[in-house]
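Subject: Structure handover

Hello,

Here is the structure I promised to pass on. My notes on it follow below.

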Amino acid sequence: MNMPAVKPIVGVQSALPGVVYPPVAELARYVAAGALTHETLAGALRESCSKNAERIALCGPAGDITYRALDELTDRLAAGLLQLGLKPHERVVFQLGNSNELVLGFIACLKAAIIPVCTLAAHREHEISYLARHSSARMQFVAGDDAKFDDVAFARQMQDKVESLQWILQARGDARDGAVSLNGLIDSVSLEDARKLLAELVLDPFQVAVFQLSGGTTGVPKIIPRFNNEYLYNMRCVAAVNGYTADDTLFMPLPMMHNLNMGCCLGPFLLTGGRVTIARDLGLDSLVELFNGYKPTWAVLGGPILEKLRPAIEQNRISFASLRGINSSNNAARTRKITGAPVWHIFGMTEGVIMYTRKGDPQEVIDTMVGRPVSSLDQVRLFEVGTEVEIMQPGVEGECAFAGPYTIHGYFDAPDRDREAFTSDGFYRSGDLMSFHDIDGVRHYKFCGRTKDVVDRGGEKINSGEIELMLAGHPDVATVAVVGMPDPVYRERVCAFLILKGGAQTPTVKSIGAFLEQSGVAKFKWPERIEVVKEFPMTGSGKLSKPQLRKTITDMLEAEQARTLQGEKS
């Protein structure tokens, strides 16, 4: 007698406190549409490792790792983490730069159902202590060999401040100050024993896989839960749109724990069997050596990286001939002229929707727009700012809001923020301004700016309010307003307008940086220009006018540039 097939369950089996899960009915629709599957990220990566076993997965100065070795090492590390005492769904704060060890640790966590908290190596006490405490992290993962920053000692300090932090995992070097060695954990368990232990785990495709971070508009970064099957779908859609194959090689030196890299580069490449290059550091010689040595076919060359490579380009020390595609957030025409390679704009956010321009788009779209979403199930609406009045006319700017298979329904344990961030019918308000343009029956989107009070420094979203709050504690500052000032390389840099207390000396960029360093603020957030004023411009309703401040600093920069050009001519 044939038993009826058991229909897979849709929806999470064991909900985690503080996590907002998608409604089951919505998940069922995406499962029926073939978007969401009953696969996990760990399972899909294991399948890719099996299919591409003898291919190179990771390559660079630290050595090459095949997909077979990647699978075996991460099985043993995952088992080692569990045997150490970590439990499924507990959290590990990742605070280290791009490296083979970072990838090993990340995949091992996925296999053990341990949740990585994706912080940046540049984060310091202000960010790490909050994120570790908010996520109840049990472990902090650091490099251990950073010549400029003793991250092991720093992690020990965090243990004193965050009660839940029990372990420090050290990626490289002899373990010190009570840290646990990554290689030691791998060596502590055989592959056979590791696979027996992991086989006992049941991974839930609808459960949280990763805690990513958002820039947000106030305070330190918000935690964004990304779930196994939706993050997998996100990565597969990106791979399909760009046409990644097992024969491709990736050059993407920006942080792997950042969603741009993880969701659109590292993850999709590992799922398709391609090679991922890992730079030793971001020095010019290291990047040129890596690029010329491995001849990537795909690269992410935003303003900061392209500017870093500029001396080598001018000296003909680097060749872009191997590239079949470049992703950049803007400046496609300029980047194409410099490299001779096709350039596709990317727009996206950790909270959800990813857009690309692509081959076959009209030239106007390729050069001036951000294309269209990677999934046909993505939904995009434009609203009049601050309302739910939808804009239906092409070319009219509005705040874009999103919904879809891989767009979140809420931040981790942040109900107050959720009430502000979503429309009444569940669309995520991005805070970005866009317009849509229908060309030959296809809808394309154009990025027009932001409604949020953030500075976009080379893709890193810096909360103006966060920096204002920290600078308000400076002994010489009465009032502060932080805005983004235009920059040809980073798109924006941080400018702080200050009203000083009576008799105070004007602080310098250096002294302000020193103050923020003492406060534990990551360096990339420090102001790069200080302007002292007697009063701030106000709106008609008596509120601070940041648009006027942005115009002020833009006019000042343009005037300075004009004087420089005039001086060169004379």
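How many aromatic pairs does a search of the whole structure find? The search finds 13. Rings of Phe, Tyr and Trp (its six-membered ring) pair if their centres lie within 6.5 Å; planes under 30 degrees apart count as stacked, over 60 as edge-to-face and the rest as tilted.

Before the details, some ground rules. This is a predicted model, where local features need pLDDT of at least 70, side-chain atom pairs count only at pLDDT 80 or more, and totals for chains, interfaces and linings use all residues. Residues are numbered from 1 along each chain as its sequence is written, and side-chain values use heavy atoms, with hydrogens and water left out.

Aromatic pairs

Phe149 and Phe154 are one of the pairs. Their ring centres are 5.3 Å apart and their planes stand at 55 degrees, so this pair is tilted. Phe154 is buried, at 5% relative accessibility. (Buried means under 20% relative accessible area, exposed over 50%, partly exposed in between, with a 1.4 Å probe and protein chains only.)

Tyr244 and Trp298 make an edge-to-face pair. The distance is 5.3 Å centre to centre, with 80 degrees between the planes. This pair links distant parts of the chain, 54 residues apart. Tyr244 sits in the loop between helix H9 (228-242) and strand S10 (249-251), and Trp298 in strand S12 (residues 298-300). (Helices, H or I with at least four residues, and strands, E with at least two, are DSSP runs numbered from the N terminus.) Tyr244 is buried, with a relative accessible area of 7%. Trp298 is buried too, at 3%. Together with Phe269, Tyr244 and Trp298 form one aromatic cluster.

Helix packing

H9 also packs against helix H10 (residues 259-272). Their axes are 8 Å apart, at an angle of about 75 degrees. That makes H9 roughly perpendicular to H10. (Axes are lines fitted to C-alpha atoms, for helices over the stretch in contact, and angles run from 0 to 180 degrees between N-to-C directions. Under 35 degrees counts as roughly parallel, over 145 as roughly antiparallel, 65 to 115 as roughly perpendicular and the rest as oblique.) The H9 side of the contact includes Tyr231 and Leu232, and the H10 side includes Met262 and Pro268. (Contact means heavy atoms within 4.5 Å.)

Helix H2 (residues 41-51) and helix H4 (residues 100-111) have axes that come within 8 Å and cross at roughly 120 degrees. That makes H2 oblique to H4. Leu41, Ala42, Leu45 and Arg46 in H2 meet Ile107, Leu110 and Lys111 in H4.

A buried aspartate

Asp71 lies in helix H3 (residues 67-84). Is Asp71 buried or exposed? Asp71 is buried, with a relative accessible area of 11%. Beyond its neighbours within four places in sequence, Asp71 is in contact with Arg46, Cys49, Lys111 and Arg195.

Positive phi

Most residues other than glycine have a negative phi. Asn316 has a positive phi, near 55 degrees. Asn316 lies in the loop between helix H12 (303-314) and strand S13 (325-328), and is exposed at 71% relative accessibility. Asn331 has a positive phi of about 60 degrees. Asn331 is in the loop between S13 and helix H13 (332-339), and is partly exposed, with a relative accessible area of 36%.

Best wishes
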